[in-house]
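Look at the sequence and the model below. The report that follows goes through the parts of the chain and how they are packed.

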Amino acid sequence: MSAQILDGKATAAAIKSDLTTRVQALRERGITPGLGTVLVGEDPGSQKYVAGKHRDCAAVGIASIQRELPATATQEEIEAVVRELNEDPGCTGYIVQLPLPRGIDVNRVLALMDPDKDADGLHPVNLGRLVLNETAPLPCTPNGIIELLRRHGVEIAGAQVAVVGRGITVGRSLPLLLTRRSENATVTQCHTGTRDLSAQLRAADIIVAAAGVPHLVKPEDVKPGAAVLDVGVSRDESGKIVGDVHPGVAEVAGWLSPNPGGVGPMTRAMLLRNVVEAAERQAATA
Ligand SMILES: Nc1nc2c(c(=O)[nH]1)N[C@@H](CN(C=O)c1ccc(C(=O)N[C@@H](CCC(=O)O)C(=O)O)cc1)CN2
């Protein structure tokens with residue numbers, strides 16, 4: 001068997017094309033959505049992701065607001081930028097690029113954001129809204145994973161899903177999204193404390209690998225025909241991405257997200273969608 005590709009690049013392009021039309025409609029009403037980013041430090045990966053987010057904004061007509069701080073920035077200096085973006089009327093929504101440098105209290109920074117400007121869906125109020133089944137901006141990578149599966153016709157309802165990882169941007173919230181009535185999946189959250197990971201993976205119809213461990217998911221761990229999504233980003237000596245999924249999985253899985261070109265572009269598309277939806281909500285109440 002050779003897996004069919006869950007093409008994040010093409011799917012994100014289709015979503016961005018739809019968003020371009022929606023942004024145009026907002027602009028015709030005198031509303032220009034604006035995305036702010038807060039980047040602290042010089043991590044090359046984070047710099048690249050933030051640059052990509054602003055490239056996407058330019059492509060769909062969203063205005064960009066970029067704030068950069070050195071790796072030595074204090075908690076207070078970062079919080080001052082967050083307060084400034086909360087007050088900026090040109091900023092519809094913004095994100096604080098993660099990870100933040102060691103020593104910074106991430107939860108304090110996220111909690112200081114205006115929840116209505118939280119384009120990442122990571123504010124505690126928005127995560128609470130998600131738990132309570134209320135409308136909220138959804139975390140971008142989990143939402144992108146679901147959109148990628150839906151648009152490729154992969155059955156989520158009734159599926160047994162193994163999520164590997166419990167990080168703040170993916171693992172924690174993905175099970176919340178997958179178990180909503182609209183998705184109706186059954187989820188097992190796996191992590192470093194899981195006793196027999198291989199057995200959990202073999203039982204799954206859908207595997208989402210977000211552990212950051214190169215080639216953690218091996219061909220023998222995958223049920224034939226399962227959908228496998230690779231969220232892991234490790235890098236080899238030359239800087240090339242090495243995912244959490246072993247390349248041999250392509251011979252067993254029914255569906256596979258490439259990495260790069262799978263979940264990453266979907267994360268960016270979902271961020272843009274959160275900003276456009278926030279602008280549309282603001283326009284409806286103006
Ligand atoms: N505030 C946030 N920080 C982080 C998030 C997040 O959702 N919000 N997620 C990740 C990084 N991330 C977004 O910020 C992200 C990662 C990867 C991509 C992407 O398009 N990747 C490309 C490959 C790019 C490359 O060559 O390196 C792909 O997969 O095709 C976009 C966004 C952690 N931080």
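## Two domains

The C-alpha centres of domain 1 and domain 2 lie 28 Å apart. Domain 1 covers residues 30-114 and domain 2 covers residues 140-264. The model is a predicted one.

## The whole chain

The protein chain has nine helices and 11 strands. Its radius of gyration is 19 Å, close to the 19 Å that the globule rule gives for 286 residues, so the chain is as compact as a globular protein of that length. Along its principal axes, the C-alpha trace spans about 50 × 40 × 40 Å.

Of the 286 residues, 41% count as buried. Among contacts between residues at least 6 apart in sequence, 70% join residues at least 24 apart.

In soluble globular proteins, nonpolar side chains tend to be buried together. In this chain, the largest nonpolar core has 76 residues. Helix H9 gives the most to this core, with nine residues. Domain 1 and domain 2 each supply at least three residues to this core.

The residues with the most contacts inside the core are Ile-207, Val-208, Ala-209, Val-228 and Leu-229. What does Val-228 touch, not counting residues up to four places away in sequence? Its contacts are Ile-207, Val-217, Val-222, Val-245, Val-249, Ala-253, Trp-255 and Leu-256.

## Helix H2

Helix H2 has 17 residues, 44-60, and at 1.5 Å a residue it should span 24 Å; its end C-alpha atoms are 25 Å apart, which agrees. Lys-53, Asp-56, Cys-57 and Val-60 are buried in H2. These four cover an arc of only 105° around the axis, which puts them on the same side of H2. Pro-44, Lys-48, Arg-55 and Ala-58 are exposed on the other side.

The buried residues of H2 pack against helix H1 (8-28), strand E2 (34-40), strand E3 (63-69) and helix H9 (263-285). After H2 comes Gly-61, which has a positive phi, near 95°.

## Helix H3

The 13 residues of helix H3 (residues 75-87) should span 18 Å at 1.5 Å a residue; the end C-alpha atoms are 19 Å apart, which agrees. Ile-78, Val-82 and Leu-85 are buried in H3. Seen down the axis, these buried residues fall within an arc of 65°, so they line one face of the helix. An α-helix has 3.6 residues a turn, so residues three or four places apart point the same way.

On the other side of H3, Glu-76, Ala-80 and Glu-87 are exposed. The buried residues of H3 pack against E2, E3, strand E4 (93-96) and helix H4 (106-112).

Which residues of helix H5 (residues 124-131) are buried? They are Asn-126, Leu-127 and Leu-130. Their arc around the axis is only 100°, which puts them on the same side of H5. Gly-128 and Val-131 are exposed on the other side, while the buried residues of H5 pack against helix H7 (174-178).

Just after H5, in the loop between H5 and helix H6 (140-151), is Asn-133. Asn-133 has a positive phi of about 70° although it is not a glycine. With 11 other C-beta atoms within 10 Å, Asn-133 is exposed.

## Other loop residues

Asn-184 also has a positive phi, about 60°, although it is not a glycine. This residue is in the loop between H7 and strand E6 (186-190). Asn-184 is partly exposed, with 13 other C-beta atoms within 10 Å.

A cis peptide bond joins Leu-98 and Pro-99, with omega about 5°. Pro-99 lies in the loop between E4 and H4. Another cis peptide bond joins Asn-259 and Pro-260, with omega about 10°. Pro-260 lies in the loop between E11 and H9.

The loop between strand E10 (241-242) and strand E11 (255-256) holds His-246. Is His-246 buried or exposed? His-246 counts as buried, with 20 C-beta neighbours inside 10 Å. Apart from neighbours within four places in sequence, His-246 is in contact with His-215, Val-217, Lys-218 and Pro-219. His-246 and Ser-46 are 200 residues apart in sequence and 24 Å apart in space, C-alpha to C-alpha.

Terms used
Residues numbered from 1 in each chain as written. Predicted model: local features only at pLDDT ≥ 70, side-chain atom pairs only at ≥ 80, totals over all residues. Helix = DSSP H or I, 4+ residues; strand = E, 2+ residues; numbered from the N terminus. Expected span 1.5 Å × (residues − 1). Buried ≥ 20, exposed ≤ 12 C-beta atoms within 10 Å, placed from the backbone. Arc of directions from axis to C-beta. Contact = placed C-beta atoms within 7 Å. Rg over C-alpha atoms; globule rule 2.2 N^0.38 Å. Core = buried A, V, L, I, M, F, W, Y, C linked by C-beta atoms within 7 Å. Domains from an automatic or database assignment.
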